[in-house]
Amino acid sequence: MLFIIALIGVLVVSLIIVIKSADIFVDNIVEIGGALGISQIILGVTASAVGTSLPEFGSAVIASLTGATDLGVGTVIGSNIWNIAGILGISATVAGVIGTSKAGLNRDWLMTLLTGLILLFFMIFGDISWPAAIIMIVAYCIYLWLLIKAQKKHSAENHYEDETQENQVKKDNLEDNPEESYESGKSVSKKTYAYVVMGIVGLIIGCRLLVYSADELGTIFGISDMVMGLFILAVGTSIPELVVTLSSAMKGLHDLSLGTVLGSNTFNILIGIGVPALLMNVPVDRISLTFDAPAMIFITVLLMALIKMGKGKLNRWGGIILMITYVSYAVIRIFVLA
């Protein structure tokens, strides 16, 4: 009994370590990127979705390296289902409505759907190996390129107005504080680099403890690695997405809330499964092929259908339908198919 309590404690603590480490890593890597002159466009389109997906990615990689591959795959697929049906469902229900940008929604939703179909396609042929991994990683690079291109186009539309305002501000600042003329070239402190290393180490240790405790608890209670990944780890490692999405929806930052979820789902599959598949073959569970992956694709299509029915918005009723769908999926998966 004491061992079980200890494992639950390790699970909770490791989740906190993983989420906090991901936060520290992203914040400081963005600071370093800016100081090194890396485009704000690149940092902007990756920081939110990728940053919130680091717990799932780390768990998938560690699970693969330690032989608990089903745990990693389950975490990725379960997280994607939870992100849409759970997180967007809760956010729309609480906020009342989540608005959308048509161009951004179509691009990100189509990529999320295509990503799910790519995964399902490779799952049909059995284990996911390195050729599939390469295709997944290349697909993510193409998606990043599309995001950067779209962001550049958006920035160019308002370039003249923004540049005029910025130049005026700089001029006023330099008149008042001449010493600030070299501010943009300042170096990054050693502390920032130390935090990046700390974030990486925290992710490695936290994810290792997370996978170990989940694997042990699953063995004790007779729960398969796939089910543990689909629900316990998937929901736990998706806490960053829940926080960002819910707070964004409450503040009316609808593009950020939807973009975080859809971008995270794309990253989870193409990188979260693609990178581990480079290291070793990722086995495909039969139920994952016949039920979990199709359920993920169905929920992705359902999201767009609800937005269309809400005339371009995900309203409260849409959110409730998504939550009911998630509960139905969980009941069938745990009590009927497990």
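Student: What share of the chain's contacts with a separation of 6 or more is between residues 24 or more positions apart?
Tutor: Residues 24 or more positions apart account for 86% of those contacts. Please note that this is a predicted model.

Student: How many helices and strands are there in the chain?
Tutor: The chain has 13 helices and 2 strands.

Student: And what percentage of the residues is buried?
Tutor: Of the 338 residues in the chain, 46% are buried.

Student: What about the accessible surface of the chain?
Tutor: The accessible surface is about 16,500 Å², and carbon and sulfur atoms contribute 68% of that area.

Student: Let us turn to helices. At what angle do α12 and α13 pack?
Tutor: Helix α12, residues 286-309, packs against helix α13, residues 316-337, at about 175°. Their axes are 11 Å apart.

Student: Is that parallel or antiparallel?
Tutor: The two helices are roughly antiparallel, because the angle of about 175° falls in the range over 145 degrees that counts as such.

Student: Which residues meet there?
Tutor: On the α12 side they include Ile-287, Phe-291, Asp-292 and Phe-298. Among their counterparts in α13 are Ile-321, Leu-322, Tyr-329 and Arg-333.

Student: How do the residues of that contact divide into nonpolar, polar and charged?
Tutor: The contact of α12 with α13 involves 13 nonpolar, 2 polar and 2 charged residues.

Student: Where is Lys-311?
Tutor: Lys-311 lies in the loop that runs between α12 and β2, the latter being residues 313-315.

Student: Is Lys-311 buried or exposed?
Tutor: Lys-311 is exposed, because its relative accessible area is 77%, and over 50% counts as exposed.

Student: What is the phi of Lys-311?
Tutor: Lys-311 has a positive phi of about 55°, although it is not a glycine. Most residues other than glycine have a negative phi.

Student: How far is Lys-311 from Thr-100?
Tutor: Their C-alpha atoms are separated by 9.9 Å, while the two residues are 211 residues apart along the chain.

Student: New topic: how many disulfides does the structure hold?
Tutor: The structure holds 0 disulfides.

Student: Then what about Cys-207: buried or exposed?
Tutor: Cys-207 is buried, with a relative accessible area of 1%.

Student: And what is the relative accessible area of Cys-141?
Tutor: For Cys-141 the value is 46%, so this residue is partly exposed.

Conventions. Residues are numbered from 1 along each chain as its sequence is written. This is a predicted model: local features need pLDDT of at least 70, side-chain atom pairs count only at pLDDT 80 or more; totals for chains, interfaces and linings use all residues. Side-chain values use heavy atoms; hydrogens and water are left out. A disulfide is a pair of cysteine sulfur atoms within 2.5 Å. Buried means under 20% relative accessible area, exposed over 50%, partly exposed in between (1.4 Å probe, protein chains only). Axes are lines fitted to C-alpha atoms, for helices over the stretch in contact, and angles run from 0 to 180 degrees between N-to-C directions. Helices (H or I, at least four residues) and strands (E, at least two) are DSSP runs, numbered from the N terminus. Angles under 35 degrees count as roughly parallel, over 145 as roughly antiparallel, 65 to 115 as roughly perpendicular and the rest as oblique. Contact means heavy atoms within 4.5 Å. Ala, Val, Leu, Ile, Met, Phe, Trp, Tyr, Cys and Pro count as nonpolar, Asp, Glu, Lys and Arg as charged, and the others, Gly among them, as polar. Accessible areas come from the Shrake-Rupley method with a 1.4 Å probe; for residues, only the protein chains shown count as cover.
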